[in-house]
Amino acid sequence: VDVQGLENEAQSAIASASTVAELDDARVRYLGRKSALKQALREVRDPESGRDLNTLRERLEQAVAEREQMLSSEDLERRLSEEQVDVTLPGQATPRGHLHLVTQVRREVEDVFLGLGYRVVDGREVETTHYNFDALNLPTTHPARSQLQSLFLNENIVLRTETSPSQIHVMEEGEPPVYMISIGRVYRRETPDATHSPIFHQVEGLAVDRGITMADLKGTLLHLMRALFGSEREMRFRTHYFPFTEPSLEPDVSCFLCSGQGCAVCRWSGWIELGGSGMVDPNVLEFVGYDPEEWTGFAFGIGLERIAMLRHGLPEIGPLWQNDLRLLRQF
Amino acid sequence: MKVPVSWLREYVEVSATTQQIADRLAIATGEVERIVRRGVADENGNYGLFKVGRVIEAGKHPNADRLQLCRVDVGEAEPRQIVCGAWNFGPGATVAVALPGAVLPDGNMLEQAKLRGEVSDGMILSESELELGSDHSGILVLSDPIEPGTPLADVLPLGEEVLEIEMTRNRPDCLSVYGIAREVAALFSGELAAPPGRDPGEPGSEPPDVTIEDYEGCPRYVGRLFTNVAIAPSPPWLKARITAAGMRPISNVVDVTNYVMLATGNPLHAFDFDTLRGGKIVVRRAHKGEEFTTLDGNLRKLVPEDLVIADAEGAIAFAGIMGGEDTEVREGTTSILLEAANFEPIGILRSSERHALRTEGSNRWEKGVDPHLAPQAAALATELILELTGAQWAGHVDAKGELPDPPVVSLRTGRVNRVVGLEIPPDDQRGALERLGFDVSSDWKSTVPTWRAVDVTREIDLVEEVARVHGLEKIPFTLPTRSAMFGTLAPDQRLRRLVEDVLVGAGFSEAYTLSLAASDSDEKRSAPRSAHLRARGSPHDAPGRPLVAAARHNVNMGNEAIRLFEIARVYLPSGEELPEERRPRSRGSPRAASRRPWRCRDALRRPQGGAGLRAHDGAFLHPGKGGARSGRLGRRAPPEHSRRGVGGLRARPRDAPRAPPERIVYEDVITFPALARTSPSSWTRARRQGTSSAATARRPGRTPRHARLRRLPRRGHSRGPKVDRVSRRVPLARPHALGRGRPELREKIVAALGSAVRGGAPRMSPQADTVVFSPALNEEESSPGVLDELRGELPGVDVLVVDDGSRDRTPSSRGERGRGAELSGEPRACRGRRGRYEYAARKHYAYCGRVDADGQHPPQELTACSSAFAPEGVRRGRSVRASSRATATSRTATSRARRAGWGPACCGARSGSSSDGRSPMRRAGMYAAARPPSRSRAALHDRGAPRSRASCDSPTRAFVVEEVRFNMRERAAGESRISGKKAVSLVSP
């Protein structure tokens with residue numbers, strides 16, 4: 001067999017194969033079962049020619065492999081360069097809904113207090129005056145007991161004017177320590193205006209434990225306010241009066257818009273009023289059977305709409321109840 | 001409470017600026033809303049331009065009838081010529097003059113001007129121009145002979161800063177200038193003046209006749225009689241203070257009563273003594289039907305609960321609230337009876353509410369005024385009345401009942417620190433209390449000053465006093481040292497969030513609607529006294545109505561793609577005192593397209609896992625397009641929202657959606673391959689009975705599922721090969737679901753099924769309806785079970801078990817021969833595919849198949865099967881294009897079907913073009929039928945007969961190859977059992 005001639009012919013055929021199919025043809029022709037090389041190998045009887053032919057076969061196989069490698073990488077490159085997708089085309093839009101802004105604030109507040117190890121309690125919205133007023137130490141002369149300020153279903157049943165009654169329920173049902181917040185709708189007989197609505201949402205917090213102090217109240221609310229309004233916020237507390245807390249404090253947060261420089265949001269005082277707070281009045285603790293000498297606690301209440309309006313610059317509370325998608329979709 | 005600062009500083013000496021005072025008060029006492037600066041501004045030498053002047057000449061302006069031309073000495077070398085419009089003065093009057101350049105309180109700068117040809121070199125001022133009072137009828141004439149040129153500021157309070165403080169209802173003592181002064185003194189350690197007022201000498205010998213009939217309503221009544229009273233306007237300083245404090249000057253006596261109230265916090269009243277019938281005062285409850293006219297001119301009809309001041313004949317004043325017109329002090333009054341009383345708060349509050357009459361007086365009384373304050377107030381008033389009216393103090397009486405002793409409260413300094421969270425030295429604590437007027441003994445027993453007796457009764461109240469005086473800002477910010485943590489949401493709260501998230505993910509936005517409704521429009525207008533909750537079942541409820549209203553609002557606003565939901569309470573009558581409140585409550589959604597109410601369901605299905613629907617025509621739903629399961633869902637009944645589609649869903653509050661389980665137990669995903677399934681039970685039932693299942697006729701009309709199913713054949717038709725329409729449908733959808741509501745179609749289907757099964761149409765075997773050919777299995781033990789199952793699945797069908805020649809003989813199967821199963825007696829004849837088919841043909845069986853235990857059926861099998869039975873002249877290998885790989889492929893089919901939105905469904909598979917034997921399903925048209933209800937799916941699993949199908953067609957006829965896969969038995973402990981088996985049947989339409 002003309003080894004050299006066969007090799008030249010095969011190598012040139014392999015080298016000239018320009019597609020994988022052509023290469024395959026060449027492989028079959030020169031390395032296939034019926035190829036001259038294989039025929040020759042079968043007929044080999046002496047080691048020398050066998051070695052020659054085998055090395056030729058190896059060379060050819062290697063050449064085929066190299067050529068194949070080359071062709072396939074060329075092919076890959078060609079495909080990579082040819083196949084293109086216009087990535088700037090718009091995708092398929094999936095409709096997305098939006099949680100109500102107040103729900104979003106509710107979740108934020110819940111999460112802050114879950115992180116602090118508080119329980120979230122959903123109380124009743126329709127309450128007896130016993131829980132809504134008496135248990136909260138409201139004197140009989142308190143204006144909230146008047147039909148001018150609260151919504152009564154009958155003499156003894158009132159739509160809760162704050163979420164505090166749920167505190168009483170929780171304390172009555174369990175033993176201290178208590179760490180809870182209660183979030184929900186509350187009802188007051190108010191004429192709707194820019195900042196008032198007869199129905200609004202309130203978050204009420206309560207912590208009763210051994211050794212709870214006013215400092216704890218301050219720290220807890222500071223934590224909440226920084227979570228809601230930014231980590232640079234400062235707080236101040238002003239003395240106030242609420243029947244269910246003693247001492248009572250009104251928390252102010254430093255204005256997040258002007259940082260205390262004075263602006264329309266904080267009415268040029270640098271501080272924004274938020275709600276009410278204080279140390280749980282011993283009468284309330286006694287009412288639920290806790291010993292006020294052993295247990296102390298703090299409580300606070302803040303309107304969720306107020307937080308939402310302040311933070312997002314809503315000038316009025318009304319739109320929060322209109323369910324206009326143009327508003328809902330902003331948040 | 002408006003507190004003029006100059007007045008405040010009269011009672012307390014502090015170096016702090018007004019701003020500092022305001023800031024401190026705001027923190028420790030009450031909210032300081034603002035500091036109002038009124039009167040003449042003291043800046044840029046403005047004060048220097050206001051002088052005292054003496055009118056030297058005054059005469060008519062030569063060119064104007066209403067103007068006076070004056071020459072006024074203002075202490076300069078030459079008098080100034082000033083034009084003035086007032087006529088209430090003449091030469092010699094001492095007046096207030098503003099010189100050119102002065103800035104008046106209204107912000108205007110005075111300039112030299114020519115008025116009707118005469119130069120006016122300044123301005124003679126009136127009270128109102130100086131904001132010292134409301135009188136603008138004439139200029140302000142100063143009574144005292146003051147040297148002209150004296151700065152006016154030395155004589156009158158030209159400029160004033162006023163603190164506007166909003167006090168809480170527990171601090172009636174701070175509704176007075178002196179009360180605020182006491183706070184300022186305590187907060188700044190300032191020098192507090194003695195309480196204002198000291199009795200000037202002794203009263204005369206005519207004590208007024210005062211009787212208190214109701215000591216509960218009126219614990220104390222100090223009455224003082226003054227004679228020879230000259231009623232006149234008050235002096236400027238008094239007017240200025242009262243005006244600055246927000247009240248209107250009236251006359252000297254009335255102004256004195258108001259001044260004393262502002263100064264001390266004890267409201268006073270003055271009666272014209274001569275108008276008192278019988279010359280006596282009785283404090284009592286009103287008689288029934290009694291009435292009198294109050295100062296504001298309204299006739300008041302009294303009820304017996306009202307406390308009144310009466311004379312010998314009848315009521316003359318509302319105690320503590322307002323005096324009567326008849327006994328009013330007016331011009332010409334010469335003797336007055338001054339009332340410095342004390343009234344009980346609740347009665348005053350109730351009367352004031354009852355008669356909708358709120359006054360400065362009632363505002364103080366209803367919060368509780370110190371009964372020890374009355375003599376002090378009376379003394380101050382007496383001082384002023386004598387000074388201002390030249391009256392004689394003719395008599396004095398102090399009628400009183402038992403006055404409460406000041407409370408004594410013990411304080412533990414450690415308790416203060418424990419509540420406040422700050423170590424406050426005992427001396428500081430004592431100092432704070434003492435500055436507030438508490439008398440603290442050495443063992444910390446604190447006697448509460450009488451003016452704080454209402455508010456301070458317990459130790460905790462003292463804690464507040466110490467904390468606020470010491471400084472709330474000094475308390476650090478800490479977090480509680482926890483002994484217990486509870487930071488998890490309850491399951492229903494997690495569920496609420498989940499439902500919210502799922503709905504939001506499905507494109508719904510959350511709405512909030514009011515939970516109150518007016519009971520009807522009339523009552524709404526008349527301001528209902530009680531609230532009306534929207535209770536379920538009440539006519540106001542109409543579920544979803546608020547959301548529809550919200551949707552309508554959005555439509556009106558031009559918004560598109562409106563999808564809303566709400567989660568809120570429902571209030572149900574419970575039979576008990578309080579209604580039952582349930583939550584969460586999901587309400588439905590308005591929408592624009594026709595199919596989307598079901599989106600609600602699909603959205604909710606995810607959290608609760610598989611929710612089917614049953615038909616429901618609840619109150620708000622379209623009667624033919626509603627469903628219910630864990631709530632109500634459907635198209636809204638038409639009239640409510642015209643042609644725009646509104647879908648609604650309302651989850652039933654109590655039991656749905658179910659909360660996610662506390663713990664989800666892993667379900668093995670590896671052991672069993674995902675299979676396409678249909679319900680063999682219904683299929684075989686249909687075959688057995690020759691009719692559709694009873695479920696078919698259960699409900700008339702369309703349900704969403706039907707709508708979905710209906711689509712299937714249509715889609716198949718467009719792509720599939722040309723085969724008989726009915727026969728093609730049969731295998732693709734569950735028979736009972738087909739042709740519902742279309743009886744003629746159903747008949748066709750049933751007929752097709754019947755012919756396929758019972759041999760109405762071309763039959764292939766004279767001996768049996770269908771032969772299921774079961775392989776010899778590797779586990780001999782299971783053969784009897786397999787046979788039982790096969791029979792259970794295919795009753796009335798002969799079963800042939802063929803030993804395919806493998807080494808694992810099935811001796812126990814042989815025993816089944818007599819029970820309808822045949823075991824080939826010629827194992828070797830059955831060897832190989834062709835052998836088996838030939839065997840079956842020889843025996844006149846319809847079909848032979850071989851199924852592997854692993855559930856995989858080689859594709860060639862079907863080809864061979866087909867060719868074995870192919871009529872003459874049909875070329876082998878071409879007539880059948882199908883694969884029993886359906887099992888494997890259907891996984892793809894299933895996932896594709898899922899992507900296409902069908903949800904997990906049973907998938908039939910159909911070959912498209914010629915099979916290359918490797919992936920025959922690659923181009924298969926796919927069909928997905930609705931997934932069977934989860935319950936029957938579970939049953940299916942138990943019975944273990946998932947089924948996949950491939951349909952084949954030949955030029956001459958179409959037929960369907962079914963593959964039935966029987967359950968894979970679990971490998972029980974120590975007992976190796978058969979894990980899968982499959983049979984193939986051929987159904988010819």
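Predicted model: local features only at pLDDT ≥ 70, side-chain atom pairs only at ≥ 80, totals over all residues.
Figure 1. One of the pairs joins Arg80(B) to Asp121(B), with the closest N and O atoms 3.3 Å apart. This pair connects distant parts of the chain, 41 residues apart. Arg80(B) lies in strand E6 (residues 80-84) of chain B, whereas Asp121(B) belongs to the loop between strand E9 (118-120) and strand E10 (123-124) of chain B.

**Figure 2. The interface of chain A and chain B.** Contacts involve 86 residues of chain A and 88 residues of chain B. Between them the two chains bury about 7400 Å², of which 52% is on carbon and sulfur atoms. Salt bridges found across this interface number 7.

**Figure 3. Packing of helix H5 of chain A against helix H13 of chain B.** The helices comprise residues 101-115 of chain A and residues 491-505 of chain B, respectively. Their axes are 13 Å apart and form an angle of about 140°, which means that H5(A) is oblique to H13(B). The crossing of H5(A) and H13(B) is left-handed.

**Figure 4. Residues at the contact of H5(A) with H13(B).** From H5(A), the contact includes Thr103(A), Arg106(A), Arg107(A), Glu110(A) and Asp111(A). These residues meet Arg496(B), Arg497(B), Glu500(B) and Asp501(B) of H13(B). By class, the contact holds 8 charged residues, 1 polar residue and no nonpolar ones. Side chains of opposite charge can pair when their charged atoms come close. Arg497(B) and Glu110(A) form a salt bridge through their side chains, with an N to O distance of 2.7 Å.

Technical notes. Residues numbered from 1 in each chain as written. Chains lettered and ligands numbered in written order. Heavy atoms only, no water. Axes fitted to C-alpha atoms, helices over the stretch in contact; angles between N-to-C directions. Helix = DSSP H or I, 4+ residues; strand = E, 2+ residues; numbered from the N terminus. Parallel < 35°, antiparallel > 145°, perpendicular 65-115°, else oblique. Left-handed = near helix turned anticlockwise from the far one by under 90°. Contact = heavy atoms within 4.5 Å. Nonpolar A, V, L, I, M, F, W, Y, C, P; charged D, E, K, R; others polar. Buried area = accessible area lost by both parts, 1.4 Å probe. Salt bridge = Lys/Arg side-chain N within 4 Å of Asp/Glu carboxyl O.
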